[in-house]
Amino acid sequence: MANFALKDPAYVRISVTICEFPTHLQDFYLSVLSSTSGKREARSYLQRFTPASIRLPYLGGPAETTPKHTKKSAFSNPESLDKRNEAYVNRLLNNHATYATAEFLQPTDSASVKPSLVPKIVEEELHAALVKIRDIDSIPDATLHGVGKTLGQLQRLGLFAIVVLDEPKAGDQWRADANIRAERITAAIENYGGKARRVDGALTMLASDSPLLVSLPQLILAPLSRGVIPILTPLAFDSSQTIVHVDANDIVQTLTKLLSTHSPTSEPPVSQPISLDRLIFLDPLGGIPAPDRPSGAHVFVNLQQEYADIEESLKKDGNTHHLKSLQTIRSALALLPPTTSAVITTPDAAAAAHAQLLSAESEHPRIKNPLIHNLLTDKPIFSSSLPTTTSPSTQTTLIKHGTPLLTLPQGTKLTSPEVDLPKLVALIEDSFGKTLDVEHYLNRVNDHIAGLIIAGDYEGAAIITWETPPGNPSAQRVCYLDKFAVARRSQGVGGVADVVFKAMTAGVQPGRLFEDVEGIVWRSRRNNPVNKWYFERAKGTWKLPEAGDMWTMFWTTEDVKVSQQRFSDYADVCRSIQPSLRDRIRWGTGGGGGGGGHV
């Protein structure tokens, strides 16, 4: 028996007792329990993925005193395990705890289980990930075995990998070296109990200037459908049946076209339904470098918003390596559904322990595996909108095709043709759960808009205004965040709030959306559930004393730039704003809104 204690972000201690299971199963369940997936993320994951033959054994309760040789194995009654699995899924979906606790895994009377809550997933659909591993020679055996273990755990969670090795053509023995590298990763996967095999002869490149083709797709798909991980080396046959070296990025692109349901030219067509859900690049150099994160990488890249700027930065730095990775991922994601994402991380991170076991006295944070965390939550390890000065450094970048942003400069009116006012009003009311007095609001803000940011089809928005401190018309204007709204359907998922907030704070940089601005100010009602999110992103906060228990003021201005007079200007503006939101909306069965607003 092993006793482990886990801590969730709210510092609620959870004790889990794991009995009678091999070490690899203990590690697996702890990896799942240690993920920061909440109810919303768990629901999304369970509706999307089918854990591959996973059985959740009985983990709760104290150790039995029965002699070990008389105990019955937890796997001896499959029917009982199925009932426990079903009960666990239902409780996971309907419990607000961050982690699956031991209570969730107790035996449950089958009469209390509601089968309708268990996601109905088509067993024929296979969820796949393209995993490109670069420079495998530089990866120590222990790290590579950790990578193999993670690939096996992803498969148990319903994501089946296709591995592509990325190695240059070097020396006279490059073909033999390629096979040795394939055997290393195969052994690493099988060391954990998974299955893998090298695939030869599936790729063809008829001439040096012709495109790479998957001539025999079943050599890849047949083992994949049986739970065997295909390992592809960067080799292909030419028209004379000679083996030639090919670019691993071209293999990724070709396999993406083959598996993509959006590609009109999949030759030969793939008969088995396969969903390509993840692109994973394991690179010793890590994720896409971020200029504002010294020795760190971008946490999240929204391609529709950020690609051009990042591409320019990489070209300026002469970083052709990361530029090629970004271009390959961008081209691949363009062929795939918007739910698909890509992760670039280091082999060390991919091999990280899935849960750092904490004793009762330990206060060290858990180590999260970015691949498992992303599969369960569809999020980066931490939010990309957190200030770079307070957020940890990372070598992992999550990339999505993302959400387009419409950014409108100062002088824009909410009644301008570029703005769909009915949609904007509907978004604000949906987010705040209150009705907006549109006439009052337009009279107050329409003539002094500093900027307007709209995400997607009005999934989120930030309305920023210029405000003059009352009684001091000669004072410097204050850049005031008047409304920050996220549609209820997008709250907590998709990164909409992060994308909008990050674009807004980036607008204070020279040459961006706002001119001659030192920071952004806003206020929020003290009972707003979003305040914790604001506290994490603001550079400073202050409870307005004259407002009773109503308002808290936030700002992103650096402390050194906030003089006593400027601080008074901020407070005067926040006190003077007259609310335009009125009666609370009575939602049907969906619950209240307010997940993205503050005024």
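**Before selecting anything**

The model is predicted, so local features are described only where pLDDT is at least 70 and side-chain atom pairs count only at pLDDT 80 or more, while totals for chains, interfaces and linings use all residues. Residues are numbered from 1 along each chain as its sequence is written, and side-chain values use heavy atoms, with hydrogens and water left out.

**The whole chain**

Of its 599 residues, 52% count as buried, where buried means under 20% relative accessible area, exposed means over 50%, and partly exposed lies in between (1.4 Å probe, protein chains only). Taking a contact as heavy atoms within 4.5 Å, residues 24 or more positions apart account for 73% of the contacts in the chain with a separation of 6 or more.

**Helices H7 and H9**

Select residues 248-259, which form helix H7, together with residues 320-333, which form helix H9: the two pack at an angle of about 10°, with their axes 10 Å apart. That angle makes H7 roughly parallel to H9; axes are lines fitted to C-alpha atoms, for helices over the stretch in contact, and angles run from 0 to 180 degrees between N-to-C directions, with those under 35 degrees counted as roughly parallel, over 145 as roughly antiparallel, 65 to 115 as roughly perpendicular and the rest as oblique.

Now show side chains where the helices meet, with Asn-249, Val-252, Gln-253 and Thr-256 on H7 and Lys-324, Thr-328, Ser-331 and Ala-332 on H9. By class, this contact holds two nonpolar, five polar and one charged residues.

**Helix H8**

Select residues 303-317 next, the 15 residues of helix H8, which at 1.5 Å a residue should span 21 Å, in agreement with the 19 Å between its end C-alpha atoms; the expected span is 1.5 Å times one less than the number of residues. Which residues of H8 are buried? They are Leu-303, Glu-306, Tyr-307, Ile-310, Glu-311 and Leu-314, and the buried residues of this helix pack against strand S12 (300-302), H9, strand S14 (397-400) and helix H14 (496-506). An α-helix has 3.6 residues a turn, so residues three or four places apart point the same way. Just after H8, stop at Gly-318, which takes a positive phi of about 70°.

**Helix H11**

Moving to residues 370-377 brings up helix H11, which is mostly covered, with eight of its eight residues buried; among them are Leu-371, His-373 and Asn-374. At the N-terminal end, Asn-369 caps the helix, with a side-chain oxygen 2.9 Å from the backbone nitrogen of Leu-371. Just after H11, Asp-378 takes a positive phi of about 55°.

**Two loop residues with positive phi**

Most residues other than glycine have a negative phi, and most peptide bonds are trans. Select Asp-135, in the loop between strand S3 (126-134) and helix H4 (141-156), where phi is near 55° and the residue is partly exposed, with a relative accessible area of 26%. Then go to Gln-241, in the loop between strand S9 (235-237) and strand S10 (243-245); Gln-241 has a positive phi of about 65° although it is not a glycine, and it is exposed, with a relative accessible area of 56%.

Thr-143 lies in helix H4 and is buried, with a relative accessible area of 14%. Leaving out residues up to four places away in sequence, Thr-143 touches Pro-347, Asp-348 and Ala-351.

Apart from neighbours within four places in sequence, Asp-457 is in contact with Lys-423 and Arg-489. Asp-457 and Lys-423 are 34 residues apart in sequence and 8.5 Å apart from C-alpha to C-alpha, and a polar contact of 2.7 Å joins their side chains.

Methods: Helix = DSSP H or I, 4+ residues; strand = E, 2+ residues; numbered from the N terminus. Nonpolar A, V, L, I, M, F, W, Y, C, P; charged D, E, K, R; others polar. Polar contact = N/O pair within 3.5 Å; in protein donor to acceptor, adjacent residues only side chain to side chain.
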